[in-house]
Amino acid sequence: MVKLFKKYLKYYKPQLIIGPLCKLLEAIFELIVPLVMASIIDVGVANKDTDYIIRMGGLMVLLGVVGLCSALVCQFSASVASQGCGTKMRNDLFRHINSLSHKELDALGTPSLITRMTNDINQVQNAIAMLIRLVIRAPFLVIGAMVMAMIINLKLSLIFFAAALLIALVLYVIMSKSVPFFKAIQKKLDKVSLVSRENLSGNRVIRAFSKQKQEQKRFNDISEDLSKTSINVGKLSALLSPMTFVITNLAIVLIVWLGAKDADSGIIMSGDIIALVNYMTQILLAMVVVANLVVLFTRASASADRINAVFDTKPSVIQGKDGALTTDNSAERVRFENVSFAYSKDGENALDGITFSAKKGDFIGIIGTTGSGKSTLVNLIPRFYDATEGNVFVDGKNVRDYTFEALRRKIGIVPQKSVLFSGTIRENLKWQNPEADDEELWKALSVAQAKEFVQENDGGLDAYVAQGGKNFSGGQRQRLCIARALVSAPEILILDDSFSALDFATDARLRKAIKEETNGTTAFLVSQRCSTIKNADMIIVLDDGKPAGIGTHRELFENCEEYRAICLTQLSKEEALK
């Protein structure tokens, strides 16, 4: 937590100084008030001096007003610093998350990252506010009240020390047992976030299989687990107030009892006893504040560790320095040289010994059984992951030498899962090329076989797109995603199983349009359909991450058993040889 405080509080040094000083001033006035009260009783009331009582009463009001103004300034400073730090922290965390490669994002998990950006940062934000408002005030009140008690009566002040030590011991015991619970609560919040996200995004599947009750039970179990942990820590925290109140009230009884004897003997004044009782009450309230601060900072510390864990995570894919967008027409557009890849150091290779080259304008088909590494292969071209062995080249340069922007501006990607963002069709299409005009947008839609349904939609290009494109069918979403990739006229087009929701007629028209309209574009088409890739210039057949065959459709059908087996499960022999 100290690490985060150092990093972000440096931007708010004035608030960090002014806030605590104002709170310190308020605490000083609070310590003076019991002395004024004692003076009113011992002088004004004892002598029936009304003028003195009014003057001292006015002084108390003045102290209260000045204290209130100081508290307001402190509160404002705390709000500016805490909200400012929270905003900077959230922005930096979001920026850092976007710099991570797919490997780190897979390891951290989306629900956990969302919890860290929201709940965890809120915990740290609250700690910053309390740091400015109470961290100086509460200890100062405890120490100040003890000192003032010693000035009034040294013997009775020993009760203050004994009470403070007992309260501190109670705080230590309860807090030491509470700390593990707070760390567990944050992890359980991650689970609640995970299940909530799965249920909200997969509600159609849940309803299709009538799994509402099972999912409700699953959520209830996780929520109940979180509730039990929170209740356990709540029970421990609930002991603080009654135990501290018991200790404080016993101390007050002792002060009044012993003070009454001294008052009878003339050793102490009646007003001094009232002042001592007030100081004891101040100590109680300050110690309760300290207890709450310990709880708050314990939670914030657990949250800060989780935030720092994200900041300390470094991307495994580091961009190069070459930002040139020029194309070397003499070289192959894409070349793989003995490429192998594993998702973890100790894991098995997802790809093993891949070597091929694709020229400008080539149409490359990639096929294989489920889990054979098709998507993994195309993800290495834009450097979503880095090859663990071998090299990948684009336009004659190793992909590791490019900046991310220079490399990915060459590439149009249509992912396996069609992702659209809330807004309009126009805004979605212009993601990679914000300067594209309507003519370019309609051309891309025409090639993607999406022009007709967009024209029929109310609003055309300005038609509303719901979150995730839920107001479009699966096939429509796929075609809009293809159009988005085509708008920028990419040199390399990656279609990762992007025709799966299309009927065969649309599939055929789309492939023909891409071939005819994207002159010079090298296209990689991942598919499970033989009919989709059979006319490709080159087909790569993967089997458990290894190249089972590379060649044309006819060559592979005759010489590659794996490819022939896939074809014959979908087509007759006559259809396959057409």
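Which helix gives the most to the nonpolar patch? Helix α2 (residues 13–45) does, with four residues. The structure is a predicted model, in which local features need pLDDT of at least 70 and side-chain atom pairs count only at pLDDT 80 or more, while totals for chains, interfaces and linings use all residues. Residues are numbered from 1 along each chain as its sequence is written, and side-chain values use heavy atoms, with hydrogens and water left out. Helices (H or I, at least four residues) and strands (E, at least two) are DSSP runs, numbered from the N terminus.

**Six-stranded sheet**

- An open sheet of mixed pairing has six strands in the order β6-β9-β10-β3-β11-β12; two strands pair if DSSP finds at least two bridges between them.
- Because β6 (411–414) and β12 (546–551) each have a single partner strand, they stand at the edges, and one side of each lacks a neighbour in the sheet.
- From one strand to the next, the twist averages 15°; axes are lines fitted to C-alpha atoms, for helices over the stretch in contact, and angles run from 0 to 180 degrees between N-to-C directions.
- Strands β3 (residues 363–368) and β10 (residues 522–526) run parallel and are joined by four bridges, with isoleucine 364 opposite phenylalanine 524 in β10.
- Helix α17 (residues 474–487) packs on the sheet, where it touches β6 and β9 (492–496), contact meaning heavy atoms within 4.5 Å. The direction of α17 makes about 175° with that of β6.
- Helix α21 (residues 561–570) lies across β3, β11 (538–543) and β12, at about 95° to β11.

**Four-stranded sheet**

- A further open sheet has four strands in the order β2-β1-β4-β5, with antiparallel pairing.
- Its edges are β2 (349–358) and β5 (397–398); each has a single partner strand, so one side of each is left without a neighbour in the sheet.
- Six bridges pair β1 (residues 334–342) with β2 in the antiparallel sense, and phenylalanine 336 has phenylalanine 356 in β2 as its bridge partner.

**Nonpolar patch**

- Leu16, Ile17, Ile18, Leu21 and Val73 make a nonpolar surface patch of about 410 Å². Patches consist of residues with over 30% relative accessible area and no salt bridge, like charges being joined within 9 Å and nonpolar side chains (Val, Leu, Ile, Met, Phe, Trp, Tyr) within 5 Å.
- Accessible areas come from the Shrake-Rupley method with a 1.4 Å probe, and for residues only the protein chains shown count as cover.
- Leucine 16, in helix α2, counts as partly exposed at 30% relative accessibility; buried means under 20% relative accessible area, exposed over 50%, and partly exposed in between (1.4 Å probe, protein chains only).

**Salt bridges**

- The count comes to 22 salt bridges, each a side-chain nitrogen of Lys or Arg within 4 Å of a carboxyl oxygen of Asp or Glu.
- Arginine 306 and aspartate 120 form a salt bridge at 2.7 Å, N to O. This pair links helix α11 (residues 270–312), which holds arginine 306, to helix α5 (residues 110–133), which holds aspartate 120, 186 residues apart.
- Arginine 306 is buried at 11% relative accessibility, and aspartate 120 is buried at 0%.
- In the salt bridge of arginine 383 with aspartate 386, the closest N and O atoms are 2.6 Å apart; arginine 383 is buried at 2%, as is aspartate 386 at 17%.
- Lys23, Glu26, Glu30 and Arg137 are linked in a network of salt bridges.
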